[in-house]
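Have the sequence handy while you read.

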Amino acid sequence: MKIKDFNFAGKKAIVRVDFNVPLDENGKITDDTRIRGALPTLNKILNDGGSLIIMSHMGKPKGKVNPKLSLSQITDSVSKALGRDVKFAPDCAKAQDAAKELKPGEVLLLENLRFYPEEEGKPVGIDKTDDGYEEAKKEMKKSQKAFAETLASYADCYVMDAFGTAHRKHASTAVIADFFDKDNKMLGLLMEKEVDAVNKVLNNIKRPFTAIMGGSKVSTKIGIIENLMGKVDNLILCGGMIYTFEKAQGGKIGNSLCEDDKFDVALDVIKKAKEQGVNLIMGTDSVAGDKFAADADTKVCPSNNIPDGWLGMDVGPEAQKQFAEAIESAKTILWNGPAGVFEFDKFSAGSRAIAESIAKATENGAFSLIGGGDSVACINKFGLADKVSYISTGGGALLEAIEGKVLPGVAAIEG
């Protein structure tokens, strides 16, 4: 069922959102992007004449009640965003009466789902290596199902709108869907946009397709690189991970980041790129620093010849030109991970150049998807968020989707 075709009039809808928003020491929200992102879905339900039950997690309370992670702290902000009073249920598993009393147009926010270990479905107080772990796991799966059934009992229909948690098979993100028939469960408007954006870059590609993969470690990106290899025309690798590639090929990298146990992986990527006709671009020069600090002395040197005592901190001017050529001629662009230590202004030029090239390509008709915490922070830092096609809200979920993995939160709805 598509949410736009569903009429919520007279129905109670339980919606999984991602209101895991950052709070300051006084419990005040410092960035309400996630709340604003959920508004189209929540308002659709209310405007149709439905009543709304909102559920979310906050932080990692590990199955225990933690007042510092209580969603009661955000009730006023959610009320303000929706322009109506929001009631609060202080126990998400004991909200039957509050849900029953909801009238059309009314809103109920449930307490943090992760105050219950059943939400994540992980056995508590027992290690994977302990005797009895498998038995405890089975018991927890039963408890998780019962917890999901309780949540489902509050409503007539279920909406999944939390892309950031879609890669987890939690009670509220996937298991709950089993208690609704296919006509009464659906993806929210934010989830639909996320899923469509991923489909555009992976399955509905306009060529040339350029992917930019940054970050510090090959090990965290290898699954994505391998999945993209058969899809992209240009693959730009940048960030700290390139020094593993340079050293694997006999280069000198000074004190740069390196995973010595990943040389075979790096060489395999180079080999596969050649075999599959992928233009692999790593940038010929780097901006090196004499220490990892904002006030480091800098010098530009070849990426495969960094002096002892120096470390690669950003891509150099030649690399920026190489990247710009591959990005600005592309029709589909995916960016995940910065080109350098962009938090330090001295080493932000490479990431800024990538962002500017993506903005230029987008203006010329390319579809650009930016995802992963640091890339999103980059695009915001450089004030270019409104110059790209789509910025994903889901870090881990986006990466797993790009890696080609099935997301339980999507599969639970779409099958």
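Phe6 is buried, at 7% relative accessible area (buried means under 20%, exposed over 50%, partly exposed in between, with a 1.4 Å probe and protein chains only). Phe8 is buried too, at 0%. This is a predicted model, where local features need pLDDT of at least 70, side-chain atom pairs count only at pLDDT 80 or more, and totals for chains, interfaces and linings use all residues. Residues are numbered from 1 along each chain as its sequence is written, and side-chain values use heavy atoms, with hydrogens and water left out.

Those two rings also pair up: Phe6 and Phe8 sit 4.6 Å centre to centre with 55° between their planes, a tilted arrangement. Rings of Phe, Tyr and Trp (its six-membered ring) pair if their centres lie within 6.5 Å, and planes under 30 degrees apart are stacked, over 60 edge-to-face, the rest tilted. Searching the whole structure turns up four aromatic pairs.

Phe6 shows up again among the contacts of Asn184, alongside Lys11, Asp156, Cys157 and Tyr158, leaving aside neighbours within four places in sequence; contact means heavy atoms within 4.5 Å. Asn184 sits in the loop between strands E5 (157-160) and E6 (185-187), where helices (H or I, at least four residues) and strands (E, at least two) are DSSP runs numbered from the N terminus.

Ala155 is in the loop between helix H5 (133-152) and E5. Not counting residues up to four places away in sequence, Ala155 touches Lys12, Ala13, Ile14, Ile53 and Phe180. Ala155 and Ala13 are 142 residues apart in sequence but 5.4 Å apart in space, C-alpha to C-alpha.

| Residue | Relative accessibility | Class |
|---|---|---|
| Asn184 | 16% | buried |
| Ala155 | 12% | buried |
| Ala377 | 32% | partly exposed |

Ala377 belongs to helix H12 (residues 373-381). From Ala377 to Ser219 is 158 residues in sequence and 22 Å in space, C-alpha to C-alpha.

Now for a helix pair. The axes of H7 (residues 218-229) and H9 (residues 263-275) come within 11 Å and cross at roughly 15°; axes are lines fitted to C-alpha atoms over the stretch in contact, and angles run from 0 to 180 degrees between N-to-C directions. H7 and H9 are therefore roughly parallel to each other (that label takes angles under 35 degrees). On the H7 side, Val218, Ile222, Ile225, Glu226 and Met229 meet Val265, Val269, Lys272 and Ala273 of H9.

Technical notes. Parallel < 35°, antiparallel > 145°, perpendicular 65-115°, else oblique.
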